[in-house]
Amino acid sequence: MTDPRRERLAKAKDRALEGGPERHRRRLREQGKLPVRRRIELLVDAGSFVEDGLLANALEPDLAADGVVTGRGTVDGRPVVVVANDPTVKAGSWGPLTVEKIVRALEAAYEELLPVFYLVDSAGARITDQVAMFPGRRGAGNIFWNQVRLSGRVPQICCLFGPSAAGGAYIPAFTDVVVMVEGRASMYLGSPRMAQMVIGEETTLEEMGGARIHTEISGCADAMVSSDEEAIEWAKTYFSYVADHYRVFPPVYAPEPPSGVDPGSVIPDDPKAGYDMVEFLEAIFDDGSLFEIKERWAREVITAFALLEGRPVGIVASQPNHLGGVLFVDSADKAARFLWLCDAFNLPIVFFADVPGFMIGTEVERQGIIRAGAKMLTAIAEATVPRISVIVRKAYGAGLYAFSGPGFRPEATLALPTAEIAVMGPEAAINAVYYNKIMELPEDEREAFVAEKRAEYAEDVDLLRLAAELVVDAVVDPEELRAELAARLRYALRKDRHFSDRRHGVPPV
């Protein structure tokens, strides 16, 4: 004899697992999107997911799991928390129980030191439920409070498959990294319709907050991909480099030799010629392991993870191929946040400098380049993980500091034979000091005078002199750099992580 109570519960579970109405599930398929539970299947190890709150709002029709799937699983054997919107249920919008489920998941992540994966596809708050879900102590604001509390404690990773609207846009903003699906994902505080109504601006959803906007212009997102599957794969790759939480080291893998390219061959003989720093890095680190973060934004500086003899490291490197590697406001913002990320999750940082310095001029001064540069320097100073600075070619002015130069107490400052360290380049220096004298000379004597001063300047900043006076700790040939870095980072593993006795600084952000 069947038990009607069990039948009722079984039907409720089936309805919840099915998701929203068929018309919404069909629309999801037409959009080329995956159902929420398929997304979770691709993320976590088979059979590992344990769900919480499946029957939330089960007494209401068309509110399967109240629009969000939460629970625990493992990713490559590592326990995580998953928070995943179901866009077939009221467009993934939030009601009071949606918020409660998310808050409980984040509280569990804090208490159990579990990384959090956010699979976001949500229209934001249900206006009909605003009093119940928005203003109170367990309301939507509590989600963001918990995210801030989790920041730097455990990794928080966001895959953005569809919209993340209004206040909900802050969920991606509070995570460590955001990967967006091109043509489908968006995040914005006000919709195009709202912008037209409030400020009279005519725009589109893509122009307002699409993947290209946020990966190339705003810097709010870290990567753009073409499908749900690619987004999940990107997130899993990112996770493979970072620690499970702030108390442990990242995973270690089997070492792989680098690409086989001679790193020295990448650097041109002409000191003014451009080259692709990515090729140089690929010749140093384990083959296929270079993984860029914010690759499309502020491209004059590279922020990336890589493996060095199987151990994850963070990389901040000049990119001479883009704007000569000059640092701008966005460059400094990009680097500073990446440095905080590496320091939070115990990733040693290697800097590769080929930098003329920070950009000058009225435009960047009005944008706050002094503030932005100071923020980058603050992030370097506060980073207590092992740091090594490599001067590849030039490091002029504050650019030296921005790549963790000697004054910022790296474990070592290494120089390639091509390195040059100075307040500024020879042309600018001679012009700054001798401009009036040059103008006083007869025109046919100026060239010889400038050549004489260039020779004096070159002698003043000669690399052998810098090594002799302990400005640099070692001069290393490019083909020996990989082994040198690996050895020094092994010795630095026991580094004291204390920086300063205080609550926190007041950074120039």
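Tutor: Let's begin with a side chain that reaches back to the backbone: a polar atom of the side chain of Thr 98 lies 2.8 Å from the backbone nitrogen of Gly 95. A polar contact here is a pair of N or O atoms within 3.5 Å; within protein, one must be able to donate a hydrogen and the other to accept it, and residues adjacent in sequence count only if both atoms are side-chain atoms. Before we go on, please note that this is a predicted model, where local features need pLDDT of at least 70 and side-chain atom pairs count only at pLDDT 80 or more, while totals for chains, interfaces and linings use all residues. Residues are numbered from 1 along each chain as its sequence is written, and side-chain values use heavy atoms, with hydrogens and water left out.

Thr 98 belongs to helix H4, residues 96-112. Helices (H or I, at least four residues) and strands (E, at least two) are DSSP runs, numbered from the N terminus. Thr 98 counts as buried because its relative accessibility is 0%; buried means under 20% relative accessible area, exposed over 50%, and partly exposed in between (1.4 Å probe, protein chains only). Leaving aside neighbours within four places in sequence, Thr 98 is in contact with Asp 66, Val 68, Ser 93 and Arg 126, where contact means heavy atoms within 4.5 Å.

Now take the helix as a whole. The expected span is 1.5 Å times one less than the number of residues. An α-helix has 3.6 residues a turn, so residues three or four places apart point the same way. Just after H4, Leu 113 takes a positive phi of about 55°. Most residues other than glycine have a negative phi.

Helix H16 (residues 369-382) can be read in a similar way. Its 14 residues should span 20 Å at 1.5 Å a residue, and the end C-alpha atoms are 20 Å apart, which agrees. Among the buried residues of H16 are Ile 369, Ala 372, Met 376 and Ile 380. Their cover includes helix H14 (329-344), strand E12 (349-355), helix H15 (362-367), strand E13 (387-396) and H17.

Loops are worth a visit too. Asn 57 sits between strand E1 (50-52) and strand E2 (68-75), and its phi is near 60°, a positive value in a residue other than glycine. With a relative accessible area of 23%, Asn 57 is partly exposed. Ser 404, in the loop between helix H17 (398-402) and strand E14 (412-415), has a positive phi near 60°, and Ser 404 is buried, with a relative accessible area of 0%.

Finally, Ser 289 lies in the loop between helix H13 (277-282) and strand E9 (291-293). The side chain of Ser 289 reaches the backbone nitrogen of Leu 307 at 3.0 Å. Ser 289 counts as buried because its relative accessibility is 4%.
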